[in-house]
Amino acid sequence: MSSQPVPTPSPSTAGRTLTSMADNMVSGESEVVCVDFWANLFGMRVLITLRELGVSFEYIEEDLRLRERSGLVLRMNPVHRMVPILIHRGRPICNSINILEYIDEVWGHLHAEAGGIQLLPADPLERASARFWADFVDHKVFNTEMRLFKSKGDDEKEAAKGELIRQLRQLESVLGDKNFFSGDEFGFLDIVVIPLSSMFRAYEQEGKFDLEVECPKLMRWEKRCKERESVKSTLPDEEEVYRMHKKWYGIE
């Protein structure tokens, strides 16, 4: 997880399977455990992937409002002390992109055998391209998002807004006229990008622009993704996410 803001608990989590985080929990009680926080865009990727591939898992909520991380997180990710964390048979996998690739390698072939596809493209060049754009999202788009929210003057905010629109248009150019980034099938890069949509309305309100006008193909792609059960059951309410960011960045 990158430095995402710390939200208040979401009422949208009420229908999900939540387990309170206890320091004395023994990891590995379930074969697959996802440790995350409801509003973490990086963790949403992991939940979508698990649900898309039909992997049974236990979800444990790590309360990021607390300054200190839980004992489980400290044991499972002592280097970065961050979520999301996937625990498989008692062993941790950290970093959302790394987790996505791990899930695809372990369970993707079963999904493919059942009539689906593996999330990462089979072609090495296409895999490299998907990873490149995933890195673009993590190291460009998220940084520009932070600038948009934290900018003080009109000129600074306008510059951040312009850069964010340019970056979203770059993603739109990769999408092109396809249904999904990988073609006709929902895949790896779709899962990487779709959690951003939880912030689309916030981008519009903070930057005072209309994404339907600026990136119409990207918005049609968003609607297609949100028709999928794995996405619908994961993404939180956009207004809740926006309110959380406003409080975190001190803009309300």
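This report describes aromatic pairs and salt bridges in a predicted model.

## Aromatic pairs

A pair of aromatic rings is described by the distance of the centres and the angle of the planes. When the whole structure is searched in this way, nine aromatic pairs are found. One of them joins F132 and W133, whose ring centres lie 5.1 Å from each other with an angle of 90 degrees between the planes, an arrangement that is edge-to-face. W133 has a relative accessible area of 16%, and because buried means under 20%, W133 counts as a buried residue.

Turning to charged side chains, the count for the structure comes to 17 salt bridges. One of these connects R45 with D138, and the closest N and O atoms of the two side chains are 2.6 Å apart. This pair links distant parts of the chain, since R45 lies in helix α1 (residues 41-52) while D138 lies in helix α4 (residues 124-150), and the two residues are 93 residues apart.

The partners of this bridge are both on the buried side of the 20% limit: R45 has a relative accessible area of 0%, so it is classed as buried, and D138, with a relative accessible area of 17%, is therefore classed as buried too.

## Buried and exposed salt bridges

A further salt bridge is found between E62 and R69, where the closest N and O atoms are 3.1 Å apart, and both E62 and R69 are buried.

The salt bridge of E229 and K232, with 3.8 Å from N to O, has a contrasting setting, as both of these residues are exposed. E229 and K232 both lie in helix α10 (residues 229-232), where they are three residues apart, which is about one turn of the helix. Salt bridges can also be connected to one another through shared partners, and in this model such bridges join R201, E204, E222, K226 and E238 into one network.

Notes: Residues are numbered from 1 along each chain as its sequence is written. This is a predicted model: local features need pLDDT of at least 70, side-chain atom pairs count only at pLDDT 80 or more; totals for chains, interfaces and linings use all residues. Side-chain values use heavy atoms; hydrogens and water are left out. Rings of Phe, Tyr and Trp (its six-membered ring) pair if their centres lie within 6.5 Å; planes under 30 degrees apart count as stacked, over 60 as edge-to-face and the rest as tilted. Buried means under 20% relative accessible area, exposed over 50%, partly exposed in between (1.4 Å probe, protein chains only). A salt bridge is a side-chain nitrogen of Lys or Arg within 4 Å of a carboxyl oxygen of Asp or Glu. Helices (H or I, at least four residues) and strands (E, at least two) are DSSP runs, numbered from the N terminus.
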